[in-house]
Amino acid sequence: MDTVVSGIRPTGNLHLGNYFGAIKNFLSMQEENNCYFFIADYHSLTTHPTPEDLHGNVKQVLAEYLAAGLDPEKATIYIQSDVPEVTELYLLLNMNAYLGELQRVTSFKEKARSQPSNVNAGLLTYPTLMASDVIIHKASKVPVGKDQEQNLEMIRTFTRRFNRMYNTDYFPIPEPYNFGEPLVKIPGLDGSGKMGKSEGTGNALYLTDDPKTVKKKIMKAVTDSGPTEINQEKPDYIQNLFTLLGVVSDNETCNYFEEQYNNCRIRYGDLKKKLAEDMIAFIDPLREKIEALTKDEQYLSKVVRQGAERARENASKTIKDTREIIGVRKF
Ligand code: TRP
């Protein structure tokens, strides 16, 4: 059985793209592995959130992942800052992480360029904190999207370096987690491409959107006056609506609108109405669960307390061994 570690950025509300991306992956991973999922609150301090925003975002993300099916009985779910062993390992790893290699990380260079007034040491050492997140549990696998590939390379470098330096094979070198089928890319509603937060309001459907909001956003999606030739290829913004239909509607519905399109009989108003209806049926139960969980402070605190306890049990062993290996020994 693999030990898998993944961090979750506490960045407010999740949308349908996150659901069919990261969340679905987490749900499948927790079935077959020894998983540690944590909310990376220390990482998010690089951007200096207000205390209220930081805490609010951690809570929101926690409630949303739990509502979506992350299961505290199957995986260890915790908040990064509840496991102080992580920060000790971070300190130790920083001793062998070099300025040059940290400065060459693409995401660091991008941030340094886009926010020149806040190029802090936390940003520079973001990869060493990630490395300690992962190897504190001696993880063998890390799920990574495209944007995190270089960070995983850094984690591997630091881990190999530690093992070499102390002539040990104590830490496994973590590998990328390979998922079976490729995931569906969820398009946004403004015709521009992938569903994402930054692409303007109305583009993303959030798991917390109420039925009225969902309907309004879908009815506003970009369309045109319809196909003029039989079996005409769909422009991207129309294909996007069909892709969304494909994830929330049944086959019969998809086939029906497909045929209507191919015969140039499609009425986009009807398609959108049906899409809105099926989307609401999908999102609304999630929205209700999120709302209930957000109010249930007692349950949330029980989950993270239990998670921290389990994570620390494992992490304290790693720290004890690591201190011994390095020579930080007790008298
Ligand atoms: N950097 C990751 C992100 O931005 C979050 C993260 C923090 C993480 N620590 C990690 C992911 C360790 C995997 C393993 O999404």
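Let me start with helices: here they are DSSP runs of H or I with at least four residues, and strands are E runs of at least two, numbered from the N terminus. This is a predicted model, where local features need pLDDT of at least 70, side-chain atom pairs count only at pLDDT 80 or more, and totals for chains, interfaces and linings use all residues. Residues are numbered from 1 along each chain as its sequence is written, and side-chain values use heavy atoms, leaving out hydrogens and water.

Now, the ligand. Its shell (residues with a heavy atom within 4 Å) includes Ser-6, Phe-38, His-43 and Asp-133. Helix α8, residues 126-135, gives the most, with four residues; β1, residues 3-8, also supplies at least two.

Next, polar contacts, meaning N or O pairs within 3.5 Å. Arg-9 has a side-chain N or O atom 2.7 Å from a ligand oxygen. Ligand nitrogen atoms lie 2.9 Å from a polar side-chain atom of Tyr-126 and 3.1 Å from one of Gln-148. The protein buries 93% of the 370 Å² that the ligand exposes alone (Shrake-Rupley areas, 1.4 Å probe).

Finally, α13. Its 28 residues, 268-295, reach 39 Å between end C-alphas, close to the expected 40 Å (1.5 Å times one less than the residue count). There is a kink of about 30° at Ile-283, shortly before Pro-285, taken between axes fitted to the seven residues ending there and the seven starting there.

How values were computed
A polar contact is a pair of N or O atoms within 3.5 Å; within protein, one must be able to donate a hydrogen and the other to accept it, and residues adjacent in sequence count only if both atoms are side-chain atoms.
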